[in-house]
Amino acid sequence: MENNKKSSFSGRLGYVMAVAGSAVGLGNIWRFPYLAAKYGGGTFLVTYVILALTVGFALLLSETALGRKTRKNPIQAYHQLGAKKLRFGGWLNSIIPMLIVPYYCVVGGWVCKYLYAYLTGAAHKLTQDNYFTQFISDPISPAFWLVVFALLTFIVVIKGVEKGIEKVSKVLMPLLVVMAAFIAVYGLTTPGAIEGLKYYLIPDFSRFSIMTVIAAMGQMFYSLSIGMGILFTYGSYMKKDVDMEKAITQVEIMDTLIAFLAGLMIIPAVFAFSGKGSLNAGASLMFITMPKVFDSLALGHIIGVVFFLLVLFAALTSAISLTECAVATFMEQFHFSRKKAALTSLIGILALGIPTSLGYGLLSWIQPLGMTILDFFDFITNSCMMPISALCTVLLVIKVTGFKTIHDEVASTSAFKREKAYIFSMRYICIPTLIIILLSYILSTFGFITL
Ligand code: TRP
């Protein structure tokens, strides 16, 4: 059995770095800032932090504890815990990464393209307003770059050299943080940026709507990689003597801080370099804002290269761990060899990813539920499937295993300090919020209500 081969992390630091390496990715640097820009700045930020500390913490802890207790992937964990009626929850956990990774690779491809443009001296061209639009609506280019990124990911997965990548990213990730801090500070010194800082930090509750909560909740799942099996798997690698609560708190803080910093780097810069009008740019925000910032800096083209290289690494570690999830499912559930599992994943990534990458140009006539293909995949995973799978995990704990199981697992190594908050959040915050969010978003998407 594959399980025998499961290696363990050396200790808390090993665990925290590995989980943070997979959790910190495009979600923090690309997705968080554009959502914060769009959904009310400070209002979004506060909502996000509250959700991360309550629902996010509760789910991170539940998944990790169940993973460590059962030492199984989510499908087998649900099975072993005897959750007959909830069994589809385990499958849902395992299917979500397969649906995320194709469009994740599309955005990874955009990053490759920008890195390439900086390397070939096209830095100035990238500052033109329609450069990004022209690129993503090109009939071939986005698909080409998707393939480049997917192959990079595939090579690492098939060679099983994640360890090497992990080592490199341990050095590069702190570098990314330093660089983001530097760019943020520089951005803040440009005229107009302070208005952006105020927008980002000071909540204005007149901007609050249920959409703020929906967007923040989806982002929280995405960024912390909740509801998609990955934490079960990492939990199953965690040694029995690691202080779980502390490890999780550190992951949570690190992930949130990096997202916060990315927002600090991008949102004031939007005000200073592009004007408020760009706040609604959505998925393109990072790609249209950052080149303008770099262009105004001495040696900006070099900074551009380093920036996109670091983002590429952050994206790659996440894409690898997403693909690993799919590969592990194929190996453990269907007894595929590693090679066959990796190839199946690659085919899946290309089959879904290529149409997604062309969804702004050649295939822009395909508009599921009135969205671009990328937004559609983003929507069904983050706003529908993840809340459902998170709900399954909450019910698994409340109805099947009981809080005592979680208590025993966490308290076996250290005091369970936030236990009261954990139970309160599971019982009274997770369930109502998840249900309300899910229903309101689905109803509004199908036009039954207007948010
Ligand atoms: N959290 C990652 C990010 O912020 C994306 C992600 C979602 C992920 N699910 C995952 C990464 C599962 C690894 C494994 O970019």
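Guide: Buried means under 20% relative accessible area, exposed over 50%, and partly exposed in between (1.4 Å probe, protein chains only). By that scale Asp 129 is exposed, with a relative accessible area of 59%. This is a predicted model, in which local features need pLDDT of at least 70, side-chain atom pairs count only at pLDDT 80 or more, and totals for chains, interfaces and linings use all residues. Residues are numbered from 1 along each chain as its sequence is written, and side-chain values use heavy atoms, with hydrogens and water left out.

A salt bridge is a side-chain nitrogen of Lys or Arg within 4 Å of a carboxyl oxygen of Asp or Glu; the whole structure holds 9 of them. In one, Asp 129 meets Lys 292 (2.8 Å, N to O). Lys 292 lies in helix 14 (residues 285–295) and Asp 129 in the loop between helix 6 (87–119) and helix 7 (131–136), so the pair ties together parts 163 residues apart in sequence. Helices (H or I, at least four residues) are DSSP runs, numbered from the N terminus.

Glu 252 and Arg 418 form another salt bridge (3.9 Å, N to O). This pair links helix 13 (residues 244–274), which holds Glu 252, to Arg 418 in the loop between helix 17 and helix 18 (419–445), 166 residues apart. Glu 252 is buried at 3%, whereas Arg 418 is partly exposed at 23%.

Arg 68 and Glu 409 also pair (2.8 Å, N to O), and both are buried. Through shared partners, salt bridges join Arg 68, Lys 240 and Glu 409 into one network.

Terms used: Helices (H or I, at least four residues) and strands (E, at least two) are DSSP runs, numbered from the N terminus.
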